[in-house]
Amino acid sequence: MDESVKRELLSKFDFGDMQIRYYEETERGHVVFALVPTHMENEIQEYKFSRGDSMVQCKILGDVYPASYVGGVTMHNCGTTEEHFVYDCQKVREDETEVEICTYFRDKRGYEMCHRVNWHRGDEYFECCVSFANQSQREVTLENLTSFCINEITPFQAGDAANSMILHRIRSKWSQEGRLVSERIEDLQLEPSWCLWSPHAERFGQLGSQPVRKYFPFMAVEDTKAHVVWGVQLAHEASWQMELYRRDDALVMDGGLADREFGHWMKTVQPGETFVTPAAIVSVLQGSVDLLCQRLASASKRFVEAGPESEQELPILFNEYCTTWGLPSHENIKRILEAIKDKPIRYFVVDCGWFVEEGVDWSVSMGDYVPSDQLFPNGMKYTADTIRSYGMKPGIWFEIDNVGHRSHAFTDHEDHLLKRDGYTLTTQTRRFWDMRDPWVQEHLGRLVIGRLKECRFEYMKMDYNETIGIGCDGAESVGEGLRQNVEASLSFVERVKKEVPGIILENCASGGHKLEPRMMRMCSMASFSDAHECEEIPVIAANLHRCILPSQSQIWAVIRKDYDLKRIAYIMASTFLGRMCLSGDVTELNDEQWHVIDEAMSFYMQVCSVIKDGTTYFHGEKFPSDRHPQGWQGIVRKGGKNGGALVVVHTFAGPVPDEIQIKLPEKCGNHIESIYSFREEVIGLKDGGLTIQHPCEWEGIGIYLI
C-alpha cells in the first residue's frame, strides 16, 4: 500500500462563509484544492489517508493513460497529470469588488495550465476554470481538460467516512425536469478497495446540444454527519461530464467538458494558442442540499438584474400557443387581445406557426421564416403594432439553429448545414445550420434580427427542439465540432442583444432542455417545461427552484373552457412558483372562471418581490412518481424587498392528511396578509407554524405572510 503523500498548506482564502484551501505536495509538485465552510476550519481531520489528486486534470494525446482497470471508466490521474505538470506559482489580484486567484502549473515540454478562481465579494459561490496554453513550437492535442477538481471530501470524518456521504444529482427529461436523486456513496461502489489501489469513478453527463437532458450539469456531495454539502454547476451548452473519483480515503469531485472517452472530444492547441474550459460555479455550506442548490442558481442573479427594465417587476405574459396550437393569425390574435385587454398582462408572444405554408405543419417547416400571407395578410408588423396598441410588448417565436424537413432551407441550403462523417446531419424531422459558417450568420441575421427590427418586436422566444448528438464535422473531433457550433450559436444570441437593445429573451428548448447557467445569464427567463396541461406542473415548478431562479422560470397556466373553479385555482397557484404565463381558451371563459384567474393575477403581483428575491424551503414528503403525484407539497419562499413569505401548497391524489402542518423559518411574518384559493380555507398561524385544515384533493393555495 502506498503511503499518504506529504503535503503542506500552501494558502487559504476566506470567501464569506466559504474557505478555499490549497495544499502543496512538495515531493511531486502537485497542488490539492479543498473547500470547507469557514467556521468549520478547526474541525478538519488532518490525518486522512490520501495520495492527493492534482487540482488540474489534463490528458495529452500520446501520454500515458491511467492504469488499475480504469480505462473507459475515467481519465482522471493519467500520465499528463501525474508525471508532467508541476506547480509553478500562485498570483492573487483583488480590489473592492472581486478576488481572483491564479494558480500556475508548467510542463517542461512547453505547456502551461492556469487554474483561475473568481469571487465577487458578497456572493455565496465562486467560479473557476482552467486554461491550457501551448508555449511550445509544436501543436498538442488534448483528450481531457477539467474545469474543476475538489479533493479531500470529507475532511470532517476520519478514514473513509463510511456511511456518511451522499451524492445528489438532478435528473431531467422532456416534461419531467428537475428530479432530485440522492444515492449513498456505498451504493455507487465508491468505497476504497481493501488495499487502496484500484480506483473507481462514477462518471455521468450529457452528450449533445441540449445540456439539460438526462441530468442537469450539477452534482453535490453531502457529509450527513457534519451536515456539510459541496456542490458544482457547469455553465456549458454542449456535451459535459462530472465524476466522483476515489482511490483512497479522500473522495474527489471533478468535471467539465466531456472527454474523449465520454464525449468524443479532442482539441488541438496550436503553438501560441490558449484554450479555456467552461466555467464551474462552486459552493459549500453547512446546511441542506436545497440551500446549496439555490446558492448555485443565484449565479445568474447579477446578470438578470442588469437586464431589461421591464423585467424587474416580473410582469405577467400571454403566449397564444395553447390557444391556437401552431396556427396563429392576425384575426385570432385580435380576438385574444380583446379578451385580455383589461388584464394586467404586459407581454404577448406570437408562438410557432406564423410562417407555415398551407398544408404543412409548423413543426417540420421552420427555417425559412416567411410570414404567411393567409394568416397575416397585412404583415407581421401590423400585428405587432396591434399588440402594442393594447398596451403589451409584442413577442415572436424562432427556432434559430434548426430547419424542418418540409422547409426549403432543408434542401436549398444543404451546403450550409452541419455534417457528420461527410453526410448532412439529419434526424427524422430536422437538420441543423452550421452556426460557424459566416454565410449562416448573415442569413440568420436577415431572417431573425431583420424581422425583430422591422416589426419592432420587443421579446423573442428561442426554441430548440432537437439535439445534434455526439457532434459534427469541421474540427479535430466531432465533440469539438459540437462545442464550436454551440459557441457560434451563443455568439449569434449576443449579436441579437447588441443589435436589438433591450430585447427580452426567452430560453426554450422543448421546454427545459437548456436550463444551464450560460444560457440563463443571457436570457430574461426560460420555459420551465412543456408539461403545460399536466397534473405535475407544480411538482416540476418546485423542483426547478433548485436549478434556476424562480424569477426566470416561466410557468404556464393553460385554462380550458370546461375547467371547474377548483382546477383553475390549482393551475393558477402553480404560477406563484415562478413567472406567470397565461394561455388557453381565454376567449371562451365565463365570468366566474375569469374571477378566479383575476384573483390569481392580483395575488401574483402582490408576492412578486418574494418570488424574485426570496429563499425556498421545501415541505411535504417526496412521492414515488412525479407523473402521478400523491399527498401534498408545500413551498415556503421567504424574503423579498418587503420581507415576509409566500407559501404555496398543492394537494394531489389521496391520501391527503386532514391537517397540513408547515414549520416556517424564522422571521417569516406573523400575519396572514392574503390568501388565494377557490374556496374559503381554514388556515392558522401559530408558534412558528402554518396549518391548513381539511384540505381536499387537487387543490392549489397561495398564502402571503408579513
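A crossing of two helices is left-handed if the near helix is turned anticlockwise from the far one by less than a right angle, and right-handed if clockwise. In this predicted model, the crossing of helix 9 and helix 10 is right-handed. The structure also holds 31 aromatic pairs.

**Helix 9 and helix 10**
- Helix 9 covers residues 438–455, and helix 10 covers residues 478–499.
- Their axes come within 11 Å and cross at roughly 35 degrees.
- Helix 9 brings residues including Leu444, Val448 and Leu452 to the contact.
- Helix 10 contributes Ala488, Phe492, Arg495, Val496 and Glu499.
- The contact residues divide into seven nonpolar, two polar and four charged.

**Aromatic pairs**
- Phenylalanine 13 and tyrosine 22 pair edge-to-face, 5.9 Å centre to centre, with 90 degrees between the planes.
- Phenylalanine 13 is buried at 16% relative accessible area, and tyrosine 22 is buried at 0%.
- Tyrosine 69 and tryptophan 197 have ring centres 5.2 Å apart and planes at 85 degrees, so this pair is edge-to-face.
- Tyrosine 69 lies in the loop between strand 4 and helix 1, and tryptophan 197 in the loop between strand 11 and strand 12, so the pair ties together parts 128 residues apart in sequence.
- Tyrosine 69 is exposed at 66%, while tryptophan 197 is partly exposed at 42%.
- One aromatic cluster includes Tyr321, Trp325 and Trp354.

**Charges over rings**
- Arginine 169 lies over the face of phenylalanine 204, 4.7 Å from the ring centre.
- The charged end of arginine 567 sits over the ring of tyrosine 563, 4.0 Å from its centre.

Technical notes: Residues numbered from 1 in each chain as written. Predicted model: local features only at pLDDT ≥ 70, side-chain atom pairs only at ≥ 80, totals over all residues. Heavy atoms only, no water. Axes fitted to C-alpha atoms, helices over the stretch in contact; angles between N-to-C directions. Helix = DSSP H or I, 4+ residues; strand = E, 2+ residues; numbered from the N terminus. Contact = heavy atoms within 4.5 Å. Nonpolar A, V, L, I, M, F, W, Y, C, P; charged D, E, K, R; others polar. Phe/Tyr/Trp six-rings, centres within 6.5 Å; stacked < 30°, edge-to-face > 60°. Buried < 20%, exposed > 50% of the residue type's maximum accessible area, 1.4 Å probe, protein only. Lys NZ or Arg CZ within 6 Å of the ring centre and 35° of its normal.
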